[in-house]
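This report describes a protein chain from its sequence and coordinates. Please have both at hand while reading.

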Amino acid sequence: MENGQEAAPRGWRAATEEALYGPAGFYRRPEGPAGHFRTSVHASPLFAGAVAELLCRVDAALGEPAELAFVDMAAGRGELISRVLEVLPEKVALRARAYAVEKAEPPAGLDHRIEWRAEPPPGVTGLLFANEWLDNVPLEVVEADVDGTARLVLVRADGTETLDTASLDEASADWLRRWWPLPPEPGLRAEVGLPRDEAWAAAVRTLERGLAVAVDYAHTRASRPPFGTLTGFREGRETTPVPDGSCDITAHVALDACATGPRARLRTQRAALGALGVSAGRPPLALASQDPAAYVRALAGAGEAAELTARGGLGDFGWLVEPVGLSADGPLASAGLLVDVPDHEEQ
């Protein structure tokens, strides 16, 4: 309410920006994202171990530089970056420079080796890793009206929606034509991923040399959801998205549109983690008699790996992998992260 009047409806991009990142925004809350939803980082320490392994392979591909950057985009409360530092081999950890990029304030007791920033550092060499960042970069939602014309969806703070009567701006219309053509059927929806493309391109440009990886729920041009994916999360449950700061607001990412160059590759999380040594295979039964404690640990690890790589769950996340100034050969290519993989081998 402003001066006793109800605020005018606005596009989902502006409404989401304030609801998530404004002074009273959802991501400013002390409990952080972990208080409302479970990511791969929270599911198992195996995920941080895989990211640490990836950082080591990037280090080798770069020729073990004197300073190796690890940039954790949308760092939350520093869970991933802290765990990666804990498990890095000493010879790599001694050269690592850790940057946590997050709009919220840093948590108490943060590892002194971590530099907390609102923006990624420019001109670094190493790994930029963005786990579930792009799905929270606000975007506009459009819907086909009764005549089949794509209109901007406007929303009030209570979640009530209306359609704008004005034409879409040319940049949004161009993006839709290229990446998410909306059939002229009333009620069909699309989400204009242009802000995410721009955010990702800006992040990739901060790397002088290295690897940029974005991990998120994703879709491609061949399988866009007809009614979009905009949704909310509160206290571990999916809910109607309401831009009042009470819930997370998220939408899946058109990762194919985000790719900045011809060397970018898309992988499923299942395939990417497999390439980094995460296996859900059951440990050999012989280990149970030889070392029961080790068998129990291995069995627990296999269960956690199964959750991280599960079909219909975290394993279906997309990984957008983009090299910057790295050779097509070497530690990354040999792991299958930068080579073309037939679709059936990704499943």
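This is a predicted model: local features need pLDDT of at least 70, side-chain atom pairs count only at pLDDT 80 or more; totals for chains, interfaces and linings use all residues.

Which residue in strand 3 does Ala-69 stand opposite? Ala-69 faces Arg-97 in strand 3.

Strand 2 and strand 3 are paired in the parallel sense. Strand 3 is joined in turn to strand 4, and these two also run parallel. Strand 16 and strand 17, in contrast, run antiparallel, and Arg-267 has Trp-319 in strand 17 as its bridge partner.

| Strand pair | Sense | Bridges |
|---|---|---|
| Strand 2 (residues 68-73) and strand 3 (residues 96-101) | parallel | six bridges |
| Strand 3 and strand 4 | parallel | four bridges |
| Strand 16 and strand 17 (residues 318-324) | antiparallel | four bridges |

These pairs belong to an open sheet of seven strands with mixed pairing, in the order 4-3-2-5-10-17-16. Strand 4 (114-117) and strand 16 (265-268) each have a single partner strand, so one side of each has no neighbour in the sheet and they form its edges. On average, neighbouring strands of the sheet are turned by 20° against each other, with direction ignored.

**Helices beside the strands**

Which strands does helix 7 lie across? Helix 7 (residues 194-205) lies across strand 5 (124-131), strand 10 (207-216) and strand 17. Its direction is at about 145° to strand 10.

Helix 4 (residues 79-87) holds Ser-82. The side chain of Ser-82 reaches the backbone oxygen of Gly-78 at 2.7 Å. Leaving aside residues up to four places away in sequence, Ser-82 touches Leu-110 and Ile-114.

**The chain as a whole**

The protein chain has 13 helices and 17 strands. Of its 347 residues, 52% are buried. The accessible surface of the chain comes to about 16000 Å², and carbon and sulfur atoms account for 52% of that surface. How many of the contacts between residues at least 6 apart in sequence join residues at least 24 apart? In the protein chain, 74% of them do.

Terms used. Residues are numbered from 1 along each chain as its sequence is written. Side-chain values use heavy atoms; hydrogens and water are left out. Two strands pair if DSSP finds at least two bridges between them. Axes are lines fitted to C-alpha atoms, for helices over the stretch in contact, and angles run from 0 to 180 degrees between N-to-C directions. Contact means heavy atoms within 4.5 Å. Buried means under 20% relative accessible area, exposed over 50%, partly exposed in between (1.4 Å probe, protein chains only). Accessible areas come from the Shrake-Rupley method with a 1.4 Å probe; for residues, only the protein chains shown count as cover. A polar contact is a pair of N or O atoms within 3.5 Å; within protein, one must be able to donate a hydrogen and the other to accept it, and residues adjacent in sequence count only if both atoms are side-chain atoms.
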